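Here is a report on side-chain contacts in a protein model. It covers the interface, the aromatic pairs and the salt bridges.

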Amino acid sequence: MLKLESCTVTNSSFTLRADLQINRGARVAILGPSGSGKSTLLEAIAGFRDVSSGRILWKKSDWTDLAPGQRSVAMLFQDGNLFPHLTAAQNVGLGLRPTTRLSKAEQDTVDTALTRVGLPDMGARKPSELSGGQQSRVALARALVQQRDILLLDEPFAALGPALKVEMLDLVAELVMETKTTLLMVSHDPEDARRISKQAVLVADGTAHAPTGTETLFANPPAALRDYLG
Amino acid sequence: MADRAQPLSAWPGRTAAIGVAVLILGTLCAVALRAEAGRGLGPSDWAALRFTVLQATISAVLSVALAVPVARALARRRFPGRRILIALLGAPFILPVIVAILGLLQIFGRSGWVSQVFLSLGLPPLQIYGLHGVVLAHVFFNLPLATRLILQSWQEIPAEQFRLAAQLNLGASAMFRLIEWPVLRHSCPGALAVVFAICLTSFAVALTLGGGPRATTIELAIFQAFRFDYDLGRAALLSGVQLILTAGAALLALRLSRGGGIGTGLDRSLKRWDSHHISAKLADVAWIMLAALFLLMPLSAITLSGVAGLLSLPDAVLSATLISMAVALASTAILLALALPMAAAVALGRGAMIEMSGILGLAASPLVIGTGLFIVLRPVADPFAWALPVTALVNAVMALPFALRILVPQARAVVTRYSRLSLSLDMTGWQFTTIVLLPRMRAQISFAAGLAAALSMGDLGVIALFADPDIATLPLQIYRLMGAYRMQDAAAAALLLLILSMGLFWLLDRGGRHHAET
């Protein structure tokens, strides 16, 4: 279980409070107006931002002071998820070990992951030789080999077209099901949230609220969400 | 940003910055302690001070005054070769001073091309030595720089303003008053200050074209006090004066100028509607031709006169060539070892002090550092035995401000863009450096390395201070050949130096770009 115990995260302009729990294996959408602090919440969980008070716990371990690489978290950002000067396979390989020279066994793992996301034989290509959707798949393949407990998505598919985005979300849903990964996903689009997550966390007015059922939330939206949805 | 995690530590950069500051300020202290302030400045010292300021002022005013029409012509004309010409304006920056001086001598010297024409017309030959020779060489080096600085701000005038001016049917004078003058008023003081500061520390030009009681710069006076009179106290005192002067000028230049000069993006030409007058066209063509001739003739002269002797160079030149290559490569390595960690630390946002220490190199004069190192080394070692390592080190420190200006923006971009991803993959320190930072900065690193190698290759400064008769870098060897009136050999060696400097720059710069993708 991921637990944020009365956390406050201070970003230069505002403070976000969070006191909530997310069950293992859950798929949770994070909804809220822009600028409300959805990304800040993910960054705090990933370790890119200090919490000024409170604790972050995963299962029995305290993550509050752990460095980002030491938390069992894989994160995909809005952009810049791949290193442009490395091949797709090298990019995926970095999920195993911070090196560009992998052992044979590790290379096999990378190839399997690339095949799983639908990119067999694309390992030698550089990101610039891949389409936007293919780049997202490489980043997902890396998250796959990382074998982390939690996957955080900070709108990595925002730049893709609607059909492609749906395709990627379905792939994500499949992968997290297979690996029993806990998924937290920032979303602007209620449809995305409905599509793959049963639960949703509303971030509004400086607070990340405890997760509720996505359908319940949309059926009876609080004022902040109502304004946002229009 | 309240981000706490960083993929790199800033301490190697801090250490490098402290090392540079200690070198520059430490040698300064050594000099200051030696200086006999009580003795004060003698008449010849005052003369040197006056001459230094006078020649720098005239050089700056002339360079900028000539740069304005050239920049204007380049800004509003499109012609084949325009890009090459603008790129060429960057070349004097890495052109060895001694090569340019030899070239200028062959054009404007007593028996140069221009004097030949004068003689055939029954006029006396040109006299290049003295104030006007020094100014001529300085204008040769700084006219291109001033042109680039002014051209850059000219290109920043939004195209909409020219469109609007065309709509309002503004004439040439209204155009100048309303649009061009405000830009010039903004950019000229900066260009003046930069050129003035550069000319203050001029050594090689004054050494070859100046000299004598009426044309000695402070930098040259330090050299003479040191080399001829072995008067360390006086050398130190002059170093102190020089330092106050250069630090003041460098501060002024930094305040008045806003970067640029070695940047790119100068090859855009604006569409304008006010320049179709035949007189404007003719004037622009004339200015561009004159500037191109002034820059290209001395280099052509060197090439023509040097090529014959290139295959029969004296042995002394060949050994000096090897020494110069070694010094240049060592200097490049030192530069990168200092500049890369410093750029990374600045990119991490821990940079104010580090950037200051990088800028110190702009205010410091190589001869002052050299004098200080001599004073520091003398009790523990034979300073003359250290001539080459000291030269490589001082050259690296002098190239540092430029290298930082090239490296820091990209280092910043890499850290901003990739530090979160790297951290989430647990890549820090050495791994982040080798897998992410260095590969992403390859083009900038090669550019900085090319610059450092070429600058060091062509430098005639500290080495003149330290070298004994048996040892010389190529520029010093050329200077000695000139002193012995062996002008054929000097020209051939100068051509070799020109080829090597430019070649080294090209090789390093291109080599790095070759495989750099995306």
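The text below starts at the chain interface and then moves to contacts within the chains. The model is predicted.

## The interface between the chains

On the chain B side, 22 residues are in contact with 33 residues of chain A. The two chains bury about 2,500 Å² between them. Carbon and sulfur atoms account for 56% of that area.

How many salt bridges are counted between chain B and chain A? The count is one. B:Arg420 and A:Glu43 meet there through their side chains, at 2.4 Å from N to O. Which helices of chain B supply at least two residues each to the side that touches chain A? They are helix H16 (387-424) and helix H17 (429-440). H16(B) gives the largest share, seven residues. By class, this side of chain B has 11 nonpolar, four polar and seven charged residues.

Four residue pairs are in polar contact between chain B and chain A, with both residues at pLDDT 80 or more. B:Arg440 sits in helix H17 of chain B. Is B:Arg440 buried or exposed? B:Arg440 has a relative accessible area of 15%, so it counts as buried. The cut-off for buried is under 20%.

## Aromatic pairs

A pair of aromatic rings is described by the distance of the centres and the angle of the planes. Over all chains, the structure holds 15 aromatic pairs.

One of them joins B:Phe140 and B:Phe294. The geometry is edge-to-face, with 5.8 Å centre to centre and 85 degrees between the planes. This pair links distant parts of the chain. B:Phe140 belongs to helix H6 (residues 131-155) of chain B, and B:Phe294 to helix H12 (residues 278-306) of chain B. The two are 154 residues apart. Both B:Phe140 and B:Phe294 are buried.

B:Phe203 and B:Phe223 make another edge-to-face pair. Their centres are 5.2 Å apart, and the planes are at 65 degrees. B:Phe203 lies in the loop between helix H8 (172-200) and helix H9 (204-209) of chain B, while B:Phe223 is in helix H10 (residues 218-227) of chain B, so the pair ties together parts 20 residues apart in sequence. B:Phe203 has a relative accessible area of 6% and is therefore buried. B:Phe223 also counts as buried, at 6% relative accessibility.

Chain B also has an aromatic cluster. Its members are B:Phe226, B:Tyr230, B:Phe374, B:Phe384 and B:Phe466.

## Salt bridges

Side chains of opposite charge can pair when their charged atoms come close. The count over all chains comes to 21 salt bridges.

| Residue | Partner | Distance |
|---|---|---|
| B:Arg420 | A:Glu43 | 2.4 Å |
| B:Arg77 | B:Asp284 | 2.8 Å |
| A:Glu191 | A:Arg194 | 3.1 Å |
| B:Asp229 | B:Arg234 | 3.9 Å |

Take B:Arg77 and B:Asp284, whose side chains meet in a salt bridge. B:Arg77 lies in the loop between helix H2 (43-76) and helix H3 (82-88) of chain B, and B:Asp284 in helix H12 of chain B, so the pair ties together parts that are 207 residues apart in sequence. B:Arg77 is buried, with a relative accessible area of 13%. B:Asp284 counts as buried too, at 3%.

A:Glu191 and A:Arg194 are placed otherwise. Both lie in helix H6 (residues 190-196) of chain A. They are three residues apart, about one turn of the helix. A:Glu191 counts as partly exposed, at 48% relative accessibility. A:Arg194 is likewise partly exposed, at 35%.

B:Asp229 is partly exposed, at 48% relative accessibility, whereas B:Arg234 counts as buried, at 17%. In chain A, salt bridges that share partners join A:Glu5, A:Arg55 and A:Asp62 into one network.

Conventions:
Residues are numbered from 1 along each chain as its sequence is written. Chains are lettered from A and ligands numbered from 1 in the order in which they are written. This is a predicted model: local features need pLDDT of at least 70, side-chain atom pairs count only at pLDDT 80 or more; totals for chains, interfaces and linings use all residues. Side-chain values use heavy atoms; hydrogens and water are left out. Contact means heavy atoms within 4.5 Å. Buried area is the accessible area (1.4 Å probe) that two parts lose on being put together, summed over both. A salt bridge is a side-chain nitrogen of Lys or Arg within 4 Å of a carboxyl oxygen of Asp or Glu. A polar contact is a pair of N or O atoms within 3.5 Å; within protein, one must be able to donate a hydrogen and the other to accept it, and residues adjacent in sequence count only if both atoms are side-chain atoms. Helices (H or I, at least four residues) and strands (E, at least two) are DSSP runs, numbered from the N terminus. Ala, Val, Leu, Ile, Met, Phe, Trp, Tyr, Cys and Pro count as nonpolar, Asp, Glu, Lys and Arg as charged, and the others, Gly among them, as polar. Rings of Phe, Tyr and Trp (its six-membered ring) pair if their centres lie within 6.5 Å; planes under 30 degrees apart count as stacked, over 60 as edge-to-face and the rest as tilted. Buried means under 20% relative accessible area, exposed over 50%, partly exposed in between (1.4 Å probe, protein chains only).
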